[in-house]
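Colleague: Let's go through this model together. Keep it short, please.

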Amino acid sequence: LQGETNIRFCLLTNATGWSIPNFIQVDSLPPMPWSLGYRKMIRFYAVTIWSTLKTLGYEWVMRMDDDSFILSPIPYNIFDYM
């Protein structure tokens, strides 16, 4: 990997799964403690991310949360290690 950077940003739209499924009537949903944005995020990471990444040509994904840290250099390809 020596200095290679491979990063891509994808606009989250209805086409990439950042939407409410057609079979759900938003007006008839009971009140929930989580925002609609949070529920879209959970659905994306649990369900629709895989087809989106496949469409974009990815074979592997590593998801890191906003409180994740890589504390030292990784001198090998972690995906080869898997």
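**Rings, patch and helix**

Modeller: Let's start with Tyr-76, which is partly exposed, at 43% relative accessibility. Buried means under 20% relative accessible area, exposed means over 50%, and partly exposed is in between (1.4 Å probe, protein chains only).

Colleague: Before we go on, what kind of model is this?

Modeller: It is a predicted model, where local features need pLDDT of at least 70 and side-chain atom pairs count only at pLDDT 80 or more, while totals for chains, interfaces and linings use all residues. Residues are numbered from 1 along each chain as its sequence is written, and side-chain values use heavy atoms, with hydrogens and water left out.

Colleague: Fine. How many aromatic pairs does the structure hold?

Modeller: The structure holds 4 aromatic pairs. One of them joins Phe-44 and Tyr-45 edge-to-face, 5.4 Å centre to centre and 70° between the planes.

Colleague: And why is the Tyr-76 and Tyr-81 pair called tilted?

Modeller: Their ring centres are 5.5 Å apart and their planes are at 45°, so the pair is tilted. Rings of Phe, Tyr and Trp (its six-membered ring) pair if their centres lie within 6.5 Å; planes under 30 degrees apart are stacked, over 60 edge-to-face, and the rest tilted.

Colleague: Is Tyr-81 buried or exposed?

Modeller: Tyr-81 is exposed, with a relative accessible area of 67%.

Colleague: Back to Phe-44. Buried or exposed?

Modeller: Phe-44 is buried, at 7% relative accessibility. Tyr-45 is partly exposed, at 33%.

Colleague: Which residues do ring pairs link into a cluster?

Modeller: Trp-18, Phe-44 and Tyr-45.

Colleague: What sits over the ring of Tyr-45?

Modeller: The charged end of Arg-63, 3.7 Å from the ring centre. The cut-offs: NZ of Lys or CZ of Arg within 6 Å of the ring centre and within 35 degrees of the ring normal.

Colleague: New topic. Which residues form the nonpolar patch on the surface?

Modeller: Val-26, Leu-29, Met-32, Trp-34, Tyr-38 and Ile-42, with about 550 Å² of accessible area together. That area comes from the Shrake-Rupley method with a 1.4 Å probe; for residues, only the protein chains shown count as cover.

Colleague: What makes a patch?

Modeller: Patch residues have over 30% relative accessible area and no salt bridge; like charges are joined within 9 Å, nonpolar side chains (Val, Leu, Ile, Met, Phe, Trp, Tyr) within 5 Å. A salt bridge is a side-chain nitrogen of Lys or Arg within 4 Å of a carboxyl oxygen of Asp or Glu.

Colleague: Where is Val-26?

Modeller: In the segment before α1 (36–55). Val-26 is partly exposed, at 42%. Helices (H or I, at least four residues) and strands (E, at least two) are DSSP runs, numbered from the N terminus.

Colleague: What about Ser-19? Where is that?

Modeller: Also in the segment before α1. Ser-19 is buried, at 17%. Leaving aside neighbours within four places in sequence, Ser-19 is in contact (heavy atoms within 4.5 Å) with Asn-14, Lys-40 and Arg-43.
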